[in-house]
Amino acid sequence: MDPEAALQLVKEGATVLLLDVPQSTLIGIDTQMFSSGPNFKGIKMIPPGVHFVYYSSSNREGNAFSPIIGFFIVASHSEVIVRKWDQKEERFVKLSEEDEERYGQAVRRLEFDRQLGPYMLNQYGDWRHLSNYITKAIIERLEPIGGEISVSSEPDSISNIPKTAMEKALAEQLRNSTFSRPVEKSERPVEKSERKGCYFTPIPRLIKHKGLSGHDLTNMNLDKTQVLETIIAKEYGGNENSLLGELQFSFIAFLMGQSLEAYLQWKLIASLFLGCTEAPLHTRSQLFTKRKESWHCWMSLGYLMTVSCTSFARTSSHCYLRPL
């Protein structure tokens, strides 16, 4: 790339500045993942808009990693988002407004430029297909308190959700994990305002209505068009794009953030779409066309990201994973 064009992208793009990152920490943004080197301090040239940042710390040998923690950001032109590594909690924390402004000015003066990895713009198209219906309003509606999404915070929030035998085994494994904080009998119960899971829209798996005949109930469960219409009207004020936004949010949190809660929500919404026969042909044909346009991208990228993580565990190198 031409040096002047690159400099312009640095100045106009957003920057995620990450301070005191331990070496060999996995750092991801959107479909891109990095293994931090000794000089790594973040990512520059980030296009404005919605992005997902996620990370996982490693042990000293670099062969074992903690559960991924991720969060959504809405970046604007030339914005600098600053996080600092907390050694005790093993996670990134926000700085005070004064410190964030001070570091932001240093970034704009290019003082950290050599320590920032460039956002790979050739992969931005894939990310846009994955996230084009996610808005700031969707993120604020769904994200956990504090914004951090992590499977280690989810054992309690997924305990009452119907699951397959494999999903139940995974949930039990999470409850017994050393990364999951146990709740002692003497501790008070967690208040609703203290929950750490996402605030997903309730999606019924089985429809039950008093006063309906068995025939009508059977038809409603065979064709979930009426359920889809009710959810769009009641939960989203008639905006069908918001349902697509939640579907994309849950898929990204599941694929990049490895959230079991998000996986279960993605599965529920996908099952709702697949359970409709009237909607795709008549009442919501445009909605299903939009869903179809994104589906292939989700599946193909899901495969590539899975291969990427597996490759790192085996060889520490992949097209989606590079040292900085």
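User: Is Ile-46 buried or exposed?
Analyst: This is a predicted model, in which local features need pLDDT of at least 70 and side-chain atom pairs count only at pLDDT 80 or more, while totals for chains, interfaces and linings use all residues. Residues are numbered from 1 along each chain as its sequence is written, and side-chain values use heavy atoms, without hydrogens and water. Buried means under 20% relative accessible area, with a 1.4 Å probe and protein chains only. The relative accessible area of Ile-46 is 1%, so Ile-46 is buried.

User: Which residues does Ile-46 touch, not counting those up to four places away in sequence?
Analyst: Ile-46 is found in strand 4 (residues 42-46), strands being DSSP runs of E of at least two residues, numbered from the N terminus. Contact means heavy atoms within 4.5 Å. On that basis Ile-46 touches Gly-13, Ala-14, Thr-15, Val-16, Ile-29, His-51 and Tyr-119.

User: How are helix 8 and helix 9 oriented to each other?
Analyst: Helices are DSSP runs of H or I of at least four residues. Axes are lines fitted to C-alpha atoms over the stretch in contact, and angles run from 0 to 180 degrees between N-to-C directions. Helix 8 (residues 240-255) and helix 9 (residues 260-274) pack at about 140°, with axes 8 Å apart. Angles under 35 degrees count as roughly parallel, over 145 as roughly antiparallel, 65 to 115 as roughly perpendicular and the rest as oblique, and the two helices are therefore oblique.

Key:
Buried means under 20% relative accessible area, exposed over 50%, partly exposed in between (1.4 Å probe, protein chains only).
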